[in-house]
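Welcome, and thanks for taking a look at this one with us. Here is a short briefing to read alongside the model.

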Amino acid sequence: MELFARNRHFYKALFYFCCMKNSLKVMTLNARHGRGKRKSPVIGRKTALENLVRIAGVLIRENPDIAMLQEVDKKSVFTGYFDHVKKLVKLSDYEYIFHPGDHVNFSFRGISIASYGTAIMSKSP
């Protein structure tokens with residue numbers, strides 16, 4: 001029951017698209033922490049924003065009902081220290097649920113150094 005409660009938006013969207021629309025377009029993307037093609041793990045806020053705008057463009061162009069993203073950051077000093085999922089949602093008009101990776105939440109004196117995980121984004125709330 002706890003799993004359903006935490007992911008209720010996902011299950012509602014799945015029900016809607018499967019039962020009401022009779023079709024479901026699913027997409028998966030690796031956001032690569034907003035790095036784009038850069039190999040360096042450290043990028044500035046501007047570079048991360050530019051790459052997230054490109055990812056949002058793909059979401060808008062392909063228009064999936066459900067998009068699943070890997071390696072999306074939540075306030076990481078290495079990638080501009082802002083919530084990448086919230087920015088993508090604002091740019092592409094989706095609802096979302098974020099699941100942080102337990103092994104990648106590092107902080108020092110209350111400041112998040114690196115925090116990332118996976119996100120499921122849906123057109124239906």
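This is a predicted model: local features need pLDDT of at least 70, side-chain atom pairs count only at pLDDT 80 or more; totals for chains, interfaces and linings use all residues.

The protein has 125 residues, and 38% of them are buried. Its secondary structure consists of four helices and four strands.

**Overall fold**
- Among contacts with a separation of 6 or more, 71% join residues 24 or more positions apart.

**Inside: Leu52**
- Have a look at helix α3, which covers residues 45–62 and includes Leu52.
- Leu52 counts as buried because its relative accessibility is 1%, and the cut-off for buried is under 20%.
- Leu91 lies 39 residues from Leu52 in sequence, while their C-alpha atoms are 8.7 Å apart in space.

- Now turn to the loop that runs between β2 (66–73) and α4 (84–92), where you will find Phe78.
- Phe78 has a relative accessible area of 34%, so it is classed as partly exposed; that class sits between the buried limit of 20% and the exposed limit of 50%.
- Phe78 belongs to a nonpolar surface patch together with Val42, Val77, Tyr81 and Ile111.
- Together, the residues of this patch have about 410 Å² of accessible area.

Key: Residues are numbered from 1 along each chain as its sequence is written. Side-chain values use heavy atoms; hydrogens and water are left out. Helices (H or I, at least four residues) and strands (E, at least two) are DSSP runs, numbered from the N terminus. Buried means under 20% relative accessible area, exposed over 50%, partly exposed in between (1.4 Å probe, protein chains only). Contact means heavy atoms within 4.5 Å. Patches are made of residues with over 30% relative accessible area and no salt bridge: like charges are joined within 9 Å, nonpolar side chains (Val, Leu, Ile, Met, Phe, Trp, Tyr) within 5 Å. Accessible areas come from the Shrake-Rupley method with a 1.4 Å probe; for residues, only the protein chains shown count as cover. A salt bridge is a side-chain nitrogen of Lys or Arg within 4 Å of a carboxyl oxygen of Asp or Glu.
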